[in-house]
Amino acid sequence: MKLRFPKRGFRQRRFNIDHHLESVNLERIAYFIEKGDLDPKETITMKILFEKGVVTKIKNGIKILGKGANKITELGIPVNIEANDATQGAINAITQTGGEIMSNYRTPLILRQYLKPHKFPEYVQLKTPMPPPKKVKKLEKLRAKGLKVEYPDAPWFTNNLESLE
């Protein structure tokens, strides 16, 4: 019945599909550190967060939220976290203790291979492609925010940085 009626009118976000990032509060990360499941001496990657049960699923990445920032500062241990995005409060809390938040560019397929390598044959080696121009600008905004960002060299962007601005 639903298919018989034509779709008319304005549908918000029809073409601008924003990829939803799984959110994790600093409070939850601090709880797992206190519990002993996460080792703050090592970099806490998305794979470790997934394996230890801090996050139940990761489809497009992780965003670190600042709720419970005081618990991270109370620990007083520098914590290095790998995530796709973070709020300003979370960045401030992590850098206050001497840690940092890193963001590596991964396509959805490469992220899936990173999180679940058992589902891919061993002989398949996927390489991270250069990010598209819109994604590069987004990554550079994250860098300006205070994250350490890594992505494959995009010569059309890095060589012409002055002309793009």
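## The big picture

Of this protein's 165 residues, 33% count as buried. Keep in mind that you're looking at a predicted model. There are eight helices and six strands to find your way around. Starting at the N terminus, the elements go β-α-α-β-α-β-β-α-β-α-α-β-α-α.

## The open sheet

Three of the strands come together as an open sheet, lined up in the order E1-E2-E4 with parallel pairing. E1 and strand E4 (85–86) sit at the edges, each pairing on one side only. As a bit of background, strands of a sheet pair through backbone hydrogen bonds, and they can do that either parallel or antiparallel.

What joins E1 to strand E2? Four bridges do, and the two strands run parallel. E2 covers residues 62–65, while E1 covers residues 22–25.

## Two faces of E1

Which residues of E1 are on the covered face, and which are on the uncovered one? Glu-22 and Val-24 make up the covered face, whereas Ser-23 and Asn-25 make up the uncovered one. In general, side chains in a regular strand alternate between the two faces of the sheet.

## Around Glu-27

Now hop over to helix H1, which spans residues 26–35 and holds Glu-27. Is Glu-27 buried, exposed or partly exposed? With a relative accessible area of 29%, Glu-27 counts as partly exposed, because that value falls between the 20% cut-off for buried and the 50% cut-off for exposed.

Glu-27 also shows how the fold brings together parts of the chain. Glu-27 and Lys-67 are 40 residues apart in sequence, yet their C-alpha atoms are 6.1 Å apart in space.

How exposed is Lys-137? Its relative accessible area is 48%, so Lys-137 is partly exposed; exposed would take over 50%.

Key
Residues numbered from 1 in each chain as written. Predicted model: local features only at pLDDT ≥ 70, side-chain atom pairs only at ≥ 80, totals over all residues. Heavy atoms only, no water. Buried < 20%, exposed > 50% of the residue type's maximum accessible area, 1.4 Å probe, protein only. Pairing = 2+ DSSP bridges.
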